[in-house]
Amino acid sequence: MSTMPTLSPLSSSSSLLTLRRSLTSTFPNYPSSHPLFPKFPKPLTLKTLIPNFKFSSAATTAAAATKTPKSLKTRLKNNETLYGIFLLSFSPTIAEIAGLSGYDFAVVDMEHGPGGISDALNCLRALAVSGTPAILRVPESSEPWAKKALDLGPDGIMFPMIDSPKSARKAVSYCRFPPNGIRGSAHTVVRASGYGIDEGYLSNYADELLIMCQVESVDGVKKIEEIAEVEGVDCIQMGPLDLSASLGYLWDPGNKKVREMMNVAEKGVLKKKPNNGGAYLSGFAMPHDSPENLKSRGYHMVSGAVDVAMFRNAAVEDVKKFKKCLVEGADDQKDGDEKYWSE
């Protein structure tokens, strides 16, 4: 009894010829002149086999179906102020809800969240449902972490603890293929290139990827203007909590000295325009520093929420409300004749 041959990816004329020989030997009546197997004057690609097929990268496939399929970099160049959320739970469901809620971007945080690359991948897929751009914050600024993160196809990557132009240049090099960097290449099979289907990936990846360097120490603030001027650094992300710790005020991020240092850092980044050798400014909202305040000071990207904190606040308030009801007693409750919410 004949068995089906094992088929390998159609990546070259030689593999197609091998496939044709395998088919004709297994199925003697299989037409050797089948349209799939013409004579091959040059190596074939999926695009030549399927001329009308539309190719797009994994990071932009879902976005192409939305009303605003612009990249983060394009929107920033258009002077938009972007509002996002940090995802630490690594829950694909929460990520999907965040995307559908309308955030301009979501940062999947592998530095402080419990998840790794596989968990981040599921969140990226969930965010892709709504075409929400995803930024991956890696645990450390290193080539192996950057390589694994970038192969997933995020719209941006965030490097923590950048405190000098040298460390910023290294971070950029992790994002560039040789000869412009040291990023390892598996672009023919990874998600970032649509598993090799997006033939324009190598030509476009550098233009589409948002590279963010996080400045969160006194040493970093001292050199922030130089860091912002490093070629390839698109955005400076401020880290108020680590900066407060660096100044000796771990439990007091709203301290006057911390706010003064933040002000110095912000002015240093905003000194030069992003289109004139500078970088965009991104930051976290804090209890003492609202998203509206950050926007008024010139921030281009503002993160106003963390998924874990949002759920914590809602859960604590929910329990508190019920416990208060028990203490006050049933007599203090509203009249039982009150209409139900759907009536």
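1. Setting aside neighbours within four places in sequence, His300 makes contact with Leu76, Glu80, Thr81, Leu82, Leu270, Tyr280 and Leu281. In this predicted model, His300 sits in the loop that runs between helix H13 (291-296) and strand E8 (301-306). Its relative accessible area is 19%, and His300 is therefore classed as buried, the cut-off for that class being under 20%.

2. As for the whole chain, the protein has 343 residues, of which 43% count as buried, and its secondary structure comprises 14 helices and eight strands. When contacts between residues at least 6 apart in sequence are considered, 62% of them join residues at least 24 apart.

3. Asn79, with a positive phi of about 65°, is placed in the loop between helix H3 (72-77) and strand E1 (82-87), whereas Phe90, with a positive phi of about 60°, belongs to the loop between E1 and H4. Are these residues buried or exposed? Asn79 is exposed, at a relative accessible area of 71%, while Phe90 is buried, at 10%.

4. A further backbone point concerns the peptide bond between Pro178 and Pro179, which is cis, with omega about 10°. Pro179 is found in the loop between H7 and helix H8 (201-208).

5. Helix H4 (residues 92-101) and helix H5 (residues 117-128) have axes that come within 8 Å of each other and cross at roughly 30°. The two helices are therefore roughly parallel, a description applied to angles under 35 degrees, and the crossing of H4 past H5 is right-handed. On the H4 side the contact is made by Pro92, Ala95, Glu96 and Gly99, which meet Asn122, Cys123, Ala126 and Leu127 of H5. Sorted by class, the residues in this contact are five nonpolar, two polar and one charged.

6. Which residues of helix H6 (residues 143-150) are buried? They are Glu143, Ala146, Ala149 and Leu150. Viewed down the axis of H6, these buried residues fall within an arc of 135°, so they line one face of the helix. The elements against which the buried residues of H6 pack are H5, strand E3 (134-137), strand E4 (156-159) and helix H7 (165-174).

How values were computed
Residues numbered from 1 in each chain as written. Predicted model: local features only at pLDDT ≥ 70, side-chain atom pairs only at ≥ 80, totals over all residues. Heavy atoms only, no water. Axes fitted to C-alpha atoms, helices over the stretch in contact; angles between N-to-C directions. Helix = DSSP H or I, 4+ residues; strand = E, 2+ residues; numbered from the N terminus. Parallel < 35°, antiparallel > 145°, perpendicular 65-115°, else oblique. Left-handed = near helix turned anticlockwise from the far one by under 90°. Contact = heavy atoms within 4.5 Å. Nonpolar A, V, L, I, M, F, W, Y, C, P; charged D, E, K, R; others polar. Buried < 20%, exposed > 50% of the residue type's maximum accessible area, 1.4 Å probe, protein only. Arc of directions from axis to C-beta.
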